[in-house]
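Take a look at the protein below. This report walks through its parts one at a time.

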Amino acid sequence: MMIFKKVYIIMAMLLITIILLIVVVYHKVVYLTTYNELFPTDETITINLSEIPQIPWDTSRALAHVIETFTASVNGSLISIEENFNENEIPQNTLLDKYTCDYNYCFATLKKNIFFHNNREVTAYDVEFSLIRQLILKNKNKFIASILDDIVGIDDLKSKKIKLKKINSIYYPTGLVKGIEVVDKYNINFKLKRTNNLFFNRISIGRLPIVPIEEFDPFYNNWLKHPIGFGKYKIESYDLNSYEFVLKKFNEQENIPRYIKFIFSNKNEGDIKILLGNLTRGNSKTDRRIVFPSIYTNGGFFFNHKTLLGANAKFREAISLALDRELIASKAHFKEIVPENQMIPIFSSIRKFRANIPIEKRNIKRAKLLLNEVPHYLWKNRVFHVHTYWANIENINSLPYIQEIISQLRDVGIYTVFYDTDINYNKFKYNDTNVLLWSGFSFPSIDPNKNFAYFRKNSFLSNESPPDNIYEKLYKEAVENSTVNSEYTKRLSEYFVDKKYFVVVLNQRMSFAYNSERIASLGEQHNGYMFYVWKLKLK
């Protein structure tokens, strides 16, 4: 009797399991059928942006190519960020009609009849709010503060006791910064601490999207629903569990792909797959690989100057001399890596600002001599934990050029363990005891001095650079003269290399694969850090 009872229980459990499986499969089929009806395959281009799941509008954490691609598509841009625009191409959506700088003053006039996706016209008050929004949050965004540092009074902006002014039925936090003046609906002026004729190039980046204030919560931190801009695409749907984001073209009359779907997956899926050195995707017979000629990002070692080792100039120089940059670059899968030791890349439109110095050669003997002059208890027989903020790859230790770096450092007695990217760890934290961090800077702007700004006193990278009055002086001179004389930025660049505040090892070009059976044309993609998705064409 007990045997029959057990058999009955087992059969009942199997029946319940089968029923549950049928229900799950049914709902999955219904979901996929409905999904395919909503976003037909023949009207949708799927782009696999990264192996690392992330929210593409997260201006603090999203990787550079992710935030730049998303912002240009949905939010639009202040000015065109295309370096070589062809008149026959579809232009990106831009806001400014005219803009100019004269000594310490910059002036901008907005185009009329530019509308957000909520059908409200974009005004100069929206530009003002969008620039200061991340600085009046409870947790001030120091990265954005470094970008906007040129503006007079930006340092004095506080998040408390903000007064609002009613403008056309909308309440704005306006007039809070001495150096920002909204003249009227279509005009806005800026007063700068120093001359910077590239000011508008610097602030027209993905991490500073132009946004409508009424679509945010009362603290301006979170969207009420989802991001809204004036770009060619609006958000149609998204799933934060699966990290899938579907965009739909805003103007049905434009001859651009109707739907763009962004996914984040380590699987071999998507019509376009951003690879950035990875061999696990883009291997099907229909995939074709391409490497952008322009530089996406540099890569190298940051040092924690709040530690004794990070502050030691001989240790930093030893790390640099231990590395054979040519050999490291040769290990890349798709020849997407180029040897480098300067902040400004040689393959870029701003290469004329590079210092006139050669790329540093490996010198093991000199590296060991320098290390021997550093107190041994600080580094000898120690394993250095190297956190990384490195685009796209889940398993950084699978990259041959990273393996080569680890091996070369071991040759001089520096033992390291590299950790996979954590998008919440993009710089050294307060009271951080780690000495080394692997990361880099992208180049979404033609301003040659932009990335140097992050190493200034009280800037975004507070642990990564010491107070240095000479650096401050060189930076100021470089900014004030960049449009008339490149020599000042060359001096800054040479000083930066000499001090080894950031040991640049390589430049990385974006590599990707596209499905040749689905994609008819990639269009003219003029840069190495984002996709102009509206230029893509389906077969």
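## A sheet of four strands

In which order do the four strands of the open sheet stand? The order is E2-E3-E7-E6, and the pairing is antiparallel. Strands E2 (96-102) and E6 (180-184) are the edge strands, each pairing on one side only. On average, neighbouring strands are turned by 15° against each other, direction ignored. Here, strands are DSSP runs of E with at least two residues, and helices are runs of H or I with at least four, numbered from the N terminus. Two strands pair if DSSP finds at least two bridges between them. Strands of a sheet pair through backbone hydrogen bonds, either parallel or antiparallel.

This is a predicted model: local features need pLDDT of at least 70, side-chain atom pairs count only at pLDDT 80 or more, and totals for chains, interfaces and linings use all residues. Residues are numbered from 1 along each chain as its sequence is written, and side-chain values use heavy atoms, with hydrogens and water left out.

Now look inside the sheet. Strand E3 (residues 105-110) and strand E7 (residues 187-191) pair in the antiparallel sense over five bridges. Axes are lines fitted to C-alpha atoms, for helices over the stretch in contact, and angles run from 0 to 180 degrees between N-to-C directions. Contact means heavy atoms within 4.5 Å.

The domain assignment gives domain 1 (94-221) and domain 2 (296-511). Such bounds come from an automatic or database domain assignment. The centres of the two domains, taken over C-alpha atoms, are separated by 32 Å. Across the boundary, 14 residues of domain 1 are in contact with 19 residues of domain 2.

The largest nonpolar core has 118 residues. A nonpolar core is a set of buried Ala, Val, Leu, Ile, Met, Phe, Trp, Tyr and Cys residues joined through side-chain atoms within 4.5 Å. Phe190, Phe200 and Phe455 have the most contacts inside this core. Domain 1 and domain 2 both give residues to the core, so it lies between them. Leaving aside neighbours within four places in sequence, Phe190 is in contact with several residues, including Leu131, Ile180, Phe199 and Phe200. Another core, of 39 residues, lies apart from the largest one. Among its residues are Ile319, Ile328, Leu399 and Leu409.

## Aromatic pairs

How many aromatic pairs does the structure hold? There are 39. Rings of Phe, Tyr and Trp (its six-membered ring) pair if their centres lie within 6.5 Å; planes under 30 degrees apart count as stacked, over 60 as edge-to-face and the rest as tilted. Phe199 and Phe200 form an edge-to-face pair, 5.3 Å centre to centre with 70° between the planes. Phe199 counts as buried because its relative accessibility is 0%. Phe200 is buried too, at 3%. Buried means under 20% relative accessible area, exposed over 50%, and partly exposed in between (1.4 Å probe, protein chains only).

Phe455 and Phe496 form another edge-to-face pair, 4.9 Å centre to centre with 70° between the planes. Phe455 lies in the loop between strand E16 (436-439) and helix H11 (469-481), and Phe496 lies in helix H12 (residues 487-499), so the pair ties together parts that are 41 residues apart in sequence. Phe455 and Phe496 are buried. They also belong to a cluster linked by ring pairs, whose members include Phe143, Phe302, Tyr471 and Tyr501.

## A covered helix

Is helix H2 (residues 64-74) mostly covered or mostly open? Mostly covered: 11 of its 11 residues are buried. Val66 is found in this helix. Val66 is buried, with a relative accessible area of 0%. Leaving aside neighbours within four places in sequence, Val66 is in contact with Leu49, Gln54, Pro56 and Phe264. Val66 and Met530 are 464 residues apart in sequence and 7.2 Å apart in space, C-alpha to C-alpha. After H2 comes Gly76, whose phi is positive, near 75°.

## Two positive phi values

Most residues other than glycine have a negative phi. Tyr220 has a positive phi, near 65°. Tyr220 sits in the loop between helix H5 (199-203) and strand E8 (233-239), and counts as buried at 11% relative accessibility.

Asn431 also has a positive phi, near 65°. Asn431 is found in the loop between strand E15 (415-418) and E16. Asn431 is exposed, with a relative accessible area of 61%.
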